[in-house]
Amino acid sequence: VTDPDRLLGAYLDAGAARVSVHFEAAVHLDRTLAAVRAAGARAGVALNPATPAELLADVLHACDFVLLMSVNPGFSGQSFLPHVLDKARRLTAMIAARRAAVTLELDGGVALGNIGEIRRAGVTTFVAGSSVYAAADPVAAIQGLRARAEEAVAS
């Protein structure tokens, strides 16, 4: 969505409990986040892979969650961009330093081979598309991802 404010009311009127907007698309991000929260929904910001986490410094207090894109938005099945892990670590530190009640999410290229490292970087919510839906047994794929993420924080 290139103009999130234009569609925001429709999502909120439809009963969305969580709304995220791309930092790159929101002209007045602080106002958009405030409108989401005023409607009773949880407000989040999505960051494209090349967008620095530090740009959220002045709106982090208005976020309930941050969604890090670890692929460039557009289509499923892209390869995970490992540099996003460093961004996750920096954002985790920024959230902790501010004692902000913000959860960190990641979308793109999440798989058994990297979910542990993603979890150790501070991410607590994972969006896994291809690694689940392309699996012969999607339920087993989800269980495996969940187990690997839980192992990462237990070790």
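A pocket here is an open set of points on a 1 Å grid over the protein atoms alone, where a 1.4 Å probe fits, with protein on both sides within 12 Å along at least five of seven lines. This is a predicted model: local features need pLDDT of at least 70, side-chain atom pairs count only at pLDDT 80 or more, and totals for linings use all residues. Numbering runs from 1 along each chain, and side-chain values use heavy atoms.

**Largest pocket.** Select Val1, Tyr11, Val19, Ser20 and Val21. Of the 16 lining residues (an atom within 4 Å of a point), these lie nearest the centre. The space is about 280 Å³, taken as that filled by probe spheres set on the points. Now colour β1 (18–22), which gives the most to this lining, five residues. Helices (H or I, at least four residues) and strands (E, at least two) are DSSP runs. By class, the lining has 12 nonpolar, two polar and two charged residues; Gly counts as polar.

**Second largest pocket.** Move to Ser76, Gly77, Asp107, Gly108 and Gly109, the closest to the centre among 18 lining residues. About 230 Å³ lies here. The lining splits into seven nonpolar, 10 polar and one charged.

**Helix pair.** Return to α1 and show α2 (29–38). Their axes, lines fitted to C-alpha atoms over the stretch in contact, lie 11 Å apart at about 10°. That makes the two roughly parallel (under 35 degrees). Select Asp5, Leu8 and Leu12 in α1; they meet Thr32, Ala35 and Val36 in α2 (heavy atoms within 4.5 Å). This contact has four nonpolar, one polar and one charged residues.

Conventions. Axes fitted to C-alpha atoms, helices over the stretch in contact; angles between N-to-C directions. Parallel < 35°, antiparallel > 145°, perpendicular 65-115°, else oblique.
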